[in-house]
Amino acid sequence: HDSSQKLPKIECIYLGKHIIRTWYTSPYPEEYSSSKLLYICEYCLKYMKSMYTFKRHYEKCGIRHPPGDEIYRDGKISIFEVDGRSSKVYCQNLCLLGKMFLDTKTLYYDVEPFLFYVLCEFDGIGYHISGYFSKEKRSVNGYNLSCIAVLPTCQRKGYGKLLIDFSYLLSKKEGVYGTPEKPLSDLGLLSYRSYWKTKISLCLNGEPISINEISKETAISPDDIISTLQSIDALFFNETKNEFEIKFLADNTKPKNDNNFIQINPKLLRWTPLV
Ligand code: ACO
Ligand code: ZN
């Protein structure tokens, strides 16, 4: 039961000089839900009903980046870690914004058990939000990512896979493997499949390797590795040995490490896991 479905849909948002058409209903407080166009401050994510209030806010707001720590920077790309407990309102606003592009039921108000990783582009003036993912501080199910969204104005530039790569780098630093929370949306599944294929086939370089070794190298869960290997026809059952074996891929069957995949540079991470 999703109470947000009863609310009228905000058709467009004004965010960082773009007007973006929304995809799904998001449970903004009722008096805001009736606006066809909602104005959102791209830095603190406060939402407003008129250009007038927005402009007045923008002059006063002052901040030019998300709250929290900048834990990764590579050229114009930065990732901030924001704690749902210390930056509660920001994280609630982020979830409300994300919900406009997420079909699945997601959290909006109970943000305290989560950390949020916000991807920004810096242009000399400010850090402009491009996308984010949320992550449970402690996941009993081994999830290393709860919800991911990239703003439509920034999609298909490789940011989705960049964020996914980042989620696995955090797991690797924690010394565990992880998997995204289910169910995945169609676009989520497409992105993960593409990411898994690229990362796993990079491990298949001709040397014998086991599923556990691939998992150690990539922090991808053994189940996700098995399903990916099956999908690229790289796993077969050796009946004499009674076990699965990994087939090596000929170069022409490997997915190309295309330009659309901006890989995270692990050396640029400034972060230590929660203890
Ligand atoms: N149509 C076809 N393929 C697409 C599309 C599309 N509209 N969008 C992305 N892809 C493919 C890309 O081609 C790419 O595959 P390739 O490299 O093999 O060509 C792959 O998906 C990922 O592309 P990116 O550019 O890295 O991803 P993007 O920055 O567009 O972000 C994301 C992907 C986050 C899923 C985005 O589409 C989004 O925000 N969607 C709405 C929210 C959503 O569905 N989130 C996932 C929910 S599941 C969960 O949260 C656990
Ligand atoms: Zn603001």
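Okay, let's start with one residue: Cys41 is buried, with a relative accessible area of 0%. Keep in mind that we're looking at a predicted model here.

So what is Cys41 doing there? It's one of the residues that hold a metal. The zinc ion, ligand 2, is coordinated by the SG atoms of Cys41, Cys44 and Cys61, plus NE2 of His57, at 2.1 to 2.3 Å. Which geometry does the site of that zinc ion have? It's tetrahedral, with angles of 97 to 116 degrees among the four donor atoms. For reference, the ideal angle for four tetrahedral donors is 109.5 degrees.

If you read along the chain, the donors of the zinc ion (ligand 2) are spaced C-x2-C-x12-H-x3-C. Cys41 sits in the loop between β3 (37-40) and β4 (47-48), while Cys61 belongs to helix α2 (residues 51-61), so this pair ties together parts that are 20 residues apart in sequence. And Cys61? That one is buried because its relative accessible area is 18%, and the cut-off is under 20%.

Now, on to the nonpolar cores. The largest has 39 residues, and the ones touching the most other members are Tyr117, Phe166, Tyr168 and Leu229. Several elements supply at least two residues each, among them β5 (69-74), β7 (114-122) and α7 (222-231). Which helix gives the largest share? That's α4, with eight residues.

Have a look at Leu229 on your screen. Leaving out residues up to four places away in sequence, Leu229 touches Ile200, Leu204, Ile211, Ala234, Leu235 and Ile246.

Last stop: there's a second, separate core of 34 residues, including Tyr32, Phe80, Phe101 and Ala149.

Terms used: Residues numbered from 1 in each chain as written. Chains lettered and ligands numbered in written order. Predicted model: local features only at pLDDT ≥ 70, side-chain atom pairs only at ≥ 80, totals over all residues. Heavy atoms only, no water. Core = buried A, V, L, I, M, F, W, Y, C linked by side-chain atoms within 4.5 Å. Buried < 20%, exposed > 50% of the residue type's maximum accessible area, 1.4 Å probe, protein only. Helix = DSSP H or I, 4+ residues; strand = E, 2+ residues; numbered from the N terminus. Contact = heavy atoms within 4.5 Å. Donors = N, O, S within 2.8 Å, 3.2 Å for Na, K, Ca; no water. Tetrahedral: all angles 85-135°; square planar, octahedral: opposite > 155°, others 65-115°.
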